[in-house]
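Reader: I would like to learn how to read this model. Please take me through it feature by feature.

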Amino acid sequence: MSGSVLLLALLFLPLLGALVVAFLRSDDRVAKGVALGFSIAELALVIAAWAAYDPAGDRIQLSSSAEWIPQFGVHFAVGVDGIALVMIALIGILVPIVIGGSWNDRLPEERTAAGFYSLILLMQALMVGVFAATDVLLFYVLFEAVLVPMYFLIGRFGGARRQYAAVKFFLYSLLGGLIMLASVIGVYVVSGNQLGSGTFDWETLVATVSTADTSTQIWLFLGFFIAFAIKAPLVPLHTWLPDAGAEAPIGVGVLLVGVLDKIGTYGFLRYCLPMFPDASRELAPLVLVLAVAGVIYGALLAVGQDDMKRFVSYTSVAHFGFIALGVFAFTSQAQAGAVLYMVNHGIATGMLFLVVGMVIARGGSRNISDYGGLAKLTPVLAGMFVVAGLASLALPGTNSFVSEFLVLIGAFPTQPVFTVIAAVGMILAALYVLWVYQRVMQGPLRGNAVLGLAGGPGAAGDPSSEGLAARLASKVPDLSRRELAVLAPLVALVLFLGVYPQPVLDVITPSVDATLTELGVTDPVQEGN
Amino acid sequence: MFQATLGSQDVAQSAVNIPEIDWQAISPVVVVFVAACLSVLVEAFLPRERRWSVQVTLSLLTVVVAGLALGLYVNSDAVVGTGGITVAGQAVPLFSADYPALFLWGTLLALSFGALLLIADRSVDGGAFASPVPPAPGGDPVQYQAPGRQTEVFPLALFALGGMMVFLAANDLLTMFVALEVLSLPLYLMCGLARRRRLISQESAVKYFLLGAFSSAFFLYGLALLYGYAGSVRLVDIAAATAGTDRPETLLYAGFGLLVVGLLFKASIGPFHAWTPDVYQGAPTPVTAFMAACTKVAAFGAILRVLTLAFEASSWEWRGVLWAVAIVSMLIGAVLGLTQTDMKRMIAYSSIAHAGFLLVGAIAMTEDGLSGTMFYLLAYGFTTLAAFGIITLVRDGNGEATHLSQWAGLAKRSPLVAVTFAFLLLALAGIPMTSGFMGKLAVFSAAIADGMAPLVVVALLASAIAAFFYLRVIVLMYFSEPAQDGPTVSVPGAFTTAAITLGVVVTLLLGVLPAFALDWASVGGFVS
């Protein structure tokens with residue numbers, strides 16, 4: 001029973017933290033410190049939960065349940081499978097890093113650190129809840145509730161066009177959520193017709209709804225799918241992400257693309273496939289088209305971006321295409337790869353986002369064209385940029401390589417055409433990452449942001465590049481100890497998971513196999529396996 | 001106290017039918033009407049300066065006592081749910097305190113308690129109501145500061161409340177019509193009582209009166225045609241007549257149509273909503289709160305009763321029409337709400353959209369549909385009451401600052417008011433953890449279970465559109481810079497604070513722990 005207490009503690013500790021931090025309005029440093037303390041305590045709980053989880057055990061573990069609304073058969077029911085556990089672990093790792101990474105952020109006028117970090121912790125609690133919910137209505141409630149703190153984080157603490165971005169984010173997600181609500185009620189009604197009284201219990205729904213006729217399944221599937229495709233986001237429902245990603249503060253952006261968007265791909269795995277197996281098989285080609293389109297389209301747009309934060313957002317669109325490809329290829333390798341990809345993308349893109357944020361913190365501009373030759377001034381930062389970039393383009397030896405490779409090799413037997421097209425995305429990834437790195441870090445010192453720090457291009461002084469570098473050296477410091485401490489764990493994870501992903505795969509694989517069993521799909525016989 | 005009503009033929013045919021009255025069952029209504037009459041006497045005989053405190057005490061006490069009477073009856077040993085005023089020889093009471101009526105009475109009393117608190121508050125700028133003293137010759141007739149304070153509003157509100165309670169409990173179209181007039185006439189008057197912006201207030205009263213009179217005429221015409229069809233104005237007799245007879249169906253359809261138009265008008269369902277924005281905007285805000293919360297409950301109570309008791313058998317014939325009405329109402333409310341620049345008009349369009357959602361539940365014609373709709377009424381009433389309460393607080397030199405642009409940056413100056421209003425708007429938008437979500441869940445699940453999935457999808461899309469204008473206000477309050485000469489937020493008086501707190505607490509409570517209220521709403525159905 002201690003396991004279930006552990007999961008409840010995971011849920012409520014950040015909530016308590018959010019409450020406590022909200023009252024520390026007078027002193028920003030205390031608020032930050034307390035928030036960091038709570039997030040590290042949460043990380044300790046995550047480690048304990050990881051230890052308590054038995055990959056060979058039941059489908060749903062650490063579970064607990066209490067009646068909530070008996071009239072609708074709603075329970076406050078939580079529990080984790082391997083997929084949910086790795087996502088919760090990812091949240092646990094990223095939140096302290098985000099808090100550390102946002103430490104010196106200048107907040108807009110009249111905003112306090114207490115408000116910011118309180119919302120971050122609130123979001124952590126809600127996101128853990130989304131992944132842990134085993135009651136479909138509870139999942140829906142938390143899925144929608146996450147929007148509110150995110151909306152205020154973007155809208156109150158974001159960049160110049162934050163209002164627009166926040167409203168766009170909220171409306172897109174809310175529209176998806178409301179469409180999903182129709183399907184959530186739909187599965188309740190279907191279960192009611194079959195069992196006599198409706199339920200929202202996930203395991204019961206998987207057993208009952210999956211036997212409904214295909215056309216019913218397709219309608220219900222679409223309701224869930226559209227909501228998740230907006231969240232994930234899949235092309236053509238992705239247009240909110242670049243705006244939200246660009247206007248969100250760096251730390252919030254990390255959580256947005258690192259974790260929040262994973263709710264979409266997680267939803268595919270947890271809700272779409274097991275509850276609507278027939279519809280999933282029927283509609284898989286459609287989803288695959290969107291996925292592969294996302295891989296190519298996201299990559300092409302990433303190449304063309306001048307805004308660094310939009311650039312990171314578009315790379316994410318491409319990566320989410322890969323994840324969707326892995327999920328809907330219906331092989332255990334591809335699906336395990338997709339889940340691993342969800343974790344790795346959180347780490348790699350989170351790191352890229354943070355590094356980009358550090359560049360922006362120095363130059364004060366988000367435009368790539370405002371920079372050049374920064375490596376001369378900040379070699380360590382440039383090095384971190386390389387690590388994050390290479391992890392993002394899935395170089396062998398980094399974590400993303402394992403997952404991308406698993407997705408492609410797993411998808412090839414069932415979907416050779418889509419896989420081959422998606423593989424082109426890998427080449428584009430190399431192009432966009434390296435080109436951005438080259439423009440920002442390499443070459444002579446140039447760009448308005450960099451020269452502006454030196455007193456403008458026409459400023460008096462030694463016009464030679466050595467002179468310029470000397471004048472800038474004091475104004476553009478390399479990574480501080482805090483920044484190093486924030487990035488170091490990510491670098492370690494990138495390398496560790498790149499070489500030895502087995503501990504994570506061990507947790508993921510049984511749950512993925514269970515999902516495929518519910519889907520009624522068996523792996524094609526593979527040669528050389 | 002079940003009154004045996006299986007009367008003998010002798011009694012039924014005697015010249016004078018003495019109705020059997022279950023006094024305990026109807027005690028809440030009796031309390032309200034007696035108090036309303038007392039209130040008139042107070043108005044007539046008490047000196048002006050003492051009236052206000054007596055009227056406030058009397059009306060609030062009335063609602064509490066009526067609520068206690070209701071509670072005593074529900075928890076008494078009597079057989080609850082069948083009492084009322086029964087004409088001898090008739091199986092069904094003329095005026096029935098069945099479970100839906102009891103639930104809605106409770107809802108009405110609770111909501112009107114909040115609304116009366118808002119009406120009674122005069123700490124802000126001397127209150128919202130005009131004194132009946134005419135302006136001095138040569139004075140400004142549009143805006144004047146009359147001495148003294150207005151107290152007629154209290155007896156009017158009590159009469160309206162009593163009318164509403166009878167309206168939703170009437171099992172007989174004629175009783176229903178009388179109740180409709182009893183509830184409507186005071187409301188027309190109350191709309192015209194605003195102390196500031198007299199012209200727009202009086203305009204709204206006249207509009208409401210003219211359109212309301214028309215709709216009453218529709219109702220009466222429908223009643224007459226249905227009498228011609230069924231030979232009776234009792235709902236059960238009409239139901240019996242519709243079940244397989246060779247009577248002229250034209251009378252039935254025409255009668256039903258006209259009757260329903262009258263009801264839809266009262267519930268401000270589009271396309272019979274045209275009065276709503278003008279009246280909501282022009283009426284004094286506390287009165288608007290009273291109308292938005294209580295009139296909706298009464299009107300939907302009557303719609304549910306009429307549809308279920310009289311027309312259930314012919315439901316497949318009219319359901320398509322009401323589908324269309326619901327869709328029109330939801331879309332009008334959501335789309336036109338987007339274009340509004342006045343806070344009260346915006347909430348008015350929101351109420352039109354909500355009326356559409358309620359209608360979706362009302363035409364489900366199942367037990368879940370009934371209980372879901374009633375729960376939604378409870379949830380919506382409290383949210384909208386508190387929202388209007390907040391609107392009374394944001395003021396500039398000319399009274400309430402209802403233009404949207406005046407709300408810019410409110411969160412900076414008064415964070416508590418802004419966060420409360422944002423919460424209420426999220427509840428109106430139906431975000432989880434608020435009562436608005438639970439209401440939608442209850443109504444839409446009943447509708448899907450009854451095979452109305454396409455209608456629910458439209459409803460959800462309309463909710464998404466409507467969410468935009470709620471969100472716009474939150475954006476204004478939180479993310480915009482305040483205007484230079486923006487309005488100030490008054491420190492709310494104790495009464496307003498109590499009303500807003502009541503609304504917010506219920507909105508949160510029903511959003512997080514709705515089980516108890518859903519239980520109450522689903523105890524039983526109409527008695528027929």
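Reader: Which residues of chain B does the UniProt annotation "domain: NADH:quinone oxidoreductase/Mrp antiporter transmembrane" cover?

Author: First, the ground rules. This is a predicted model: local features need pLDDT of at least 70, side-chain atom pairs count only at pLDDT 80 or more, and totals for chains, interfaces and linings use all residues. Residues are numbered from 1 along each chain as its sequence is written, with chains lettered from A and ligands numbered from 1 in the order in which they are written. UniProt positions follow the numbering used here, and annotations may be inferred rather than shown by experiment. In the unreviewed entry, that domain covers residues 170-465 of chain B.

Reader: What is the helix and strand content over residues 170-465 of chain B?

Author: Helices (H or I, at least four residues) and strands (E, at least two) are DSSP runs, numbered from the N terminus. Here the chain is 77% helix and 2% strand. The end C-alpha atoms are 37 Å apart.

Reader: How many residues of chain B are in contact with chain A?

Author: Contact means C-beta atoms, placed from the backbone, within 7 Å. 25 residues of chain B contact 27 residues of chain A. Elements giving two or more residues to chain B's side are α17 (435-449), α18 (453-479) and α20 (515-521) of chain B. α18(B) gives the most, with twelve residues.

Reader: What is the strand order in the open sheet of chain B?

Author: Strands pair if DSSP finds at least two bridges between them. The order is β1-β2-β3 (chain B), with antiparallel pairing. β1 (20-21) and β3 (95-96) of chain B are the edge strands. B:Ile21 has B:Ile85 in β2(B) as its bridge partner.

Key. Two residues are in contact if their C-beta atoms, placed from the backbone, lie within 7 Å.
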